[in-house]
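Here is a walk through one protein model, written for someone who would rather look at the atoms than read a summary. Keep the viewer open as you go.

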Amino acid sequence: MFDVIIIGSGPAGLTAAVYASRACLDTLLLEKQPMGGGQILNTADVDNYPGLPGIDGFSLGQKFADHADRLGIQPVTEEVTQIDCQGKVKRVVTAQQTYEAKTLVYAVGCGYRQLGVPGEEQFLGKGVSYCATCDGAFFRGKTVAVIGGGDVALEDALFLAKICSKVFLIHRRDTFRGAKVLADRVWTTENIELILNTTVEDIFGGETVREIGIVNKKTAEKRRLVLDGVFVAVGSIPHSDFLQGQVETDDAGYIVAGENCRTSVEGVYAAGDIRTKALRQVVTAAADGANAIADIEKYLVRNAE
Ligand code: NAP
């Protein structure tokens, strides 16, 4: 019986692991990917994590993992298939075995939201990508489009502009959800062309992507853009499936939890992007990991036999 099982090894899960180790909790860290670090591994530049200006996402993810490792916590690579968290003992089932713990930190983050247009699935891996830092190199010297107006879309456009000859940034509104500092850089980057108030209607090609259909929402004007790749960056969807119906979630599927990361079920904590919060950043994910373990320490004392 573990004191705590942490599921997910992004910044929230790995920070929880660091704090759990320092609190001398008997801890299991589960991660389905062989390499921990979370979504941040796919981020080119993390410009706003305090104390580490200019660090890239991969290196920052590695630093989190190394820190947990130095404190004796290494992720166990097993994919969770089921969670039963209603009773006092929390059970986590993986393909290999069933684990039991007194508490659970659910820190699995989010996945990519799809555009949902014809051709998107057909050309996945053949010109359609959800990860510019993973796939950008395949489009060296080519023309691509980035879809979206959040931090990820802006960062992707800037990253791809260094590799590709031309980047269209297509956003459905004329103001950006992402940080102004990024938007300002996008506006002034020569090989990025902004196409605003515009959505994508379809993705078309042969073996690989050749063109997309776009429509201006204000004028209803339709155009086709010839290009080689489409990077979809239209936000994320929470990976809350295993806890759906067991803990309270909001309409979008995020697990309802406050700053102490307590969910609606005693002993179950949601940390990082998966929980309801105003700001989804590495620094707030890391804060969640710390807060969750601080609360768990009190919970374990209260519930000691
Ligand atoms: P996001 O902030 O939710 O932005 C998603 C963007 O996609 C929005 O501009 C949205 O348009 C657009 N969109 C959504 N559905 C669409 C659709 N069906 N068709 C066309 N456009 C669509 O998501 P994100 O950029 O992935 O960022 C996720 C979170 O991570 C955010 O909280 C972000 O701040 C954080 N993040 C932070 C950093 C950093 O600090 N360095 C880096 C990356 C991400 P509307 O604006 O019109 O809704």
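Predicted model: local features only at pLDDT ≥ 70, side-chain atom pairs only at ≥ 80, totals over all residues.

The protein splits into domain 1, made of 2–111 plus 236–302, and domain 2, which runs over 114–232. Their C-alpha centres sit 31 Å apart, and the contact draws on 6 residues from domain 1 and 8 residues from domain 2.

How much area do domain 1 and domain 2 bury between them? About 460 Å², with 41% of it on carbon and sulfur atoms. Sorted by class, the domain 1 side that touches domain 2 has 1 nonpolar, 3 polar and 2 charged residues. Charged residues or not, the count of salt bridges between domain 1 and domain 2 is 0.

Most residues other than glycine have a negative phi. Here are two that go the other way.

| Residue | Phi |
|---|---|
| Cys 24 | near 55° |
| Ala 220 | near 65° |

Where do you find Cys 24? Look in the loop between helix 1 (11–22) and strand 2 (27–31). Cys 24 has a relative accessible area of 67%, so it counts as exposed. Ala 220 belongs to the loop joining strand 13 (209–216) and strand 14 (222–226). With a relative accessible area of 53%, Ala 220 is over the 50% cut-off and therefore exposed.

Now move to domain 2, which spans 114–232. Gly 150 is in the loop between strand 9 (143–147) and helix 4 (151–161). Setting aside residues up to four places away in sequence, Gly 150 touches Arg 177 and Gly 178. Gly 150 and His 171 are 21 residues apart in sequence, with 9.1 Å from C-alpha to C-alpha.

Is helix 4 mostly covered or mostly open? Mostly covered: 8 of its 11 residues are buried. The buried ones are Ala 153, Leu 154, Asp 156, Ala 157, Leu 158, Phe 159, Leu 160 and Ala 161. What do they pack against? The partners are helix 3 (132–135), strand 9, strand 10 (166–170), helix 5 (180–187), strand 11 (192–195) and strand 15 (229–232).

**A serine tucked away**

Ser 9 lies in the loop between strand 1 (2–7) and helix 1. Its relative accessibility is 1%, so Ser 9 counts as buried. Which side chain does the Ser 9 side chain meet in a polar contact? That of Glu 31, at 2.8 Å. Beyond its neighbours within four places in sequence, Ser 9 is in contact with a set of residues including Leu 14, Leu 29, Leu 30, Gly 36, Gly 37, Gly 38 and Pro 75.

**Salt bridges**

How many salt bridges does the structure hold? There are 11.

One joins the side chains of Arg 91 and Glu 100, at 2.8 Å from N to O. Arg 91 is partly exposed, with a relative accessible area of 32%, and Glu 100 is partly exposed too, at 31%.

Another pairs Asp 174 with Lys 218, the closest N and O atoms being 3.9 Å apart. Asp 174 is in the loop between strand 10 and helix 5, while Lys 218 is in the loop between strand 13 and strand 14, so this pair ties together parts that are 44 residues apart in sequence. Asp 174 is partly exposed at 41% relative accessible area, whereas Lys 218 is exposed at 63%.

Then there is Glu 211 with Arg 224, whose closest N and O atoms are 2.3 Å apart. Glu 211 sits in strand 13 and Arg 224 in strand 14, so the bridge links parts that are 13 residues apart in sequence. Arg 224 is partly exposed, with a relative accessible area of 44%. Asp 202 joins in as well: together with Glu 211 and Arg 224, Asp 202 is linked in a network of salt bridges.

Conventions. Residues numbered from 1 in each chain as written. Heavy atoms only, no water. Domains from an automatic or database assignment. Contact = heavy atoms within 4.5 Å. Buried area = accessible area lost by both parts, 1.4 Å probe. Salt bridge = Lys/Arg side-chain N within 4 Å of Asp/Glu carboxyl O. Nonpolar A, V, L, I, M, F, W, Y, C, P; charged D, E, K, R; others polar. Helix = DSSP H or I, 4+ residues; strand = E, 2+ residues; numbered from the N terminus. Buried < 20%, exposed > 50% of the residue type's maximum accessible area, 1.4 Å probe, protein only. Polar contact = N/O pair within 3.5 Å; in protein donor to acceptor, adjacent residues only side chain to side chain.
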